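Hi,

Here is the model I said I would pass on.

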Amino acid sequence: MQEKELEKKIHEIALQLEKAKIAEYVDILNNRRRLLYINFIGGLARGFGMAVGFTILGAFVIYLLQKMISWNLPLIGDFIADLVKIVQENL
């Protein structure tokens, strides 16, 4: 009776390992060329995503600074106007 329960548990564990794709992960770790290729492509994607994200964020910040200039805040307005002029001259 205990042997059947043990076999059933082993079978369940084997199914769970197959679902987790552990074998594919181990294959990737053993194949260095494929591992480097996957990491290289992942790095390119992350780098491209960061570049696009920083560009959009920078444009949004410049837009907000330009809007703040139009509000005519006493001390901050002049500083922001100078800052926006410097940014626009360097573009």
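Which helix supplies the largest share of the nonpolar patch? That would be α2, with four residues. Keep in mind throughout that this is a predicted model.

The patch itself sits on the surface and is formed by I13, L17, I22, Y25, V26 and L29. Together these residues have about 540 Å² of accessible area. Helix α2 covers residues 22-30, and both α1 and α2 put at least two residues into the patch. V26 counts as partly exposed because its relative accessibility is 37%, and partly exposed here means between the 20% cut-off for buried and the 50% cut-off for exposed.

Next, α1, which runs over residues 2-20. I checked its length: 19 residues at 1.5 Å a residue should span 27 Å, and the C-alpha atoms at its ends are 27 Å apart, so the two agree. There is hardly any cover on α1, and the count of buried residues among its 19 is zero. Just after this helix, K21 takes a positive phi of about 55 degrees, in case you want to look at the backbone there.

Now the whole chain. Its secondary structure comes to four helices and zero strands, in the order α-α-α-α along the sequence. The radius of gyration is 28 Å, whereas the globule rule gives 12 Å for 91 residues, so the chain is more spread out than a compact globule. Along its principal axes, the C-alpha trace spans about 85 × 35 × 15 Å. Of the 91 residues, 7% are buried. The accessible surface of the chain comes to about 8,600 Å², and carbon and sulfur atoms account for 66% of that.

D82 has its place in helix α4. Is D82 buried, partly exposed or exposed? It counts as partly exposed, because its relative accessibility is 45%. If you want a distance to check, the C-alpha atoms of D82 and M68 are separated by 12 Å, and the two residues are 14 apart along the chain.

Last, confidence. The average pLDDT of the chain is 87, and 99% of the residues score at least 70. Where is confidence lowest, and where is it highest? The lowest mean, 81, belongs to helix α4 (residues 76-90), and the highest, 92, to helix α3 (residues 32-70).

Cheers

Conventions:
Residues are numbered from 1 along each chain as its sequence is written. This is a predicted model: local features need pLDDT of at least 70, side-chain atom pairs count only at pLDDT 80 or more; totals for chains, interfaces and linings use all residues. Side-chain values use heavy atoms; hydrogens and water are left out. The expected span of a helix is 1.5 Å times one less than its number of residues. Buried means under 20% relative accessible area, exposed over 50%, partly exposed in between (1.4 Å probe, protein chains only). Patches are made of residues with over 30% relative accessible area and no salt bridge: like charges are joined within 9 Å, nonpolar side chains (Val, Leu, Ile, Met, Phe, Trp, Tyr) within 5 Å. Accessible areas come from the Shrake-Rupley method with a 1.4 Å probe; for residues, only the protein chains shown count as cover. A salt bridge is a side-chain nitrogen of Lys or Arg within 4 Å of a carboxyl oxygen of Asp or Glu. The radius of gyration is taken over C-alpha atoms; the globule rule is 2.2 Å times the number of residues to the power 0.38. pLDDT is the predictor's confidence in each residue, from 0 to 100.
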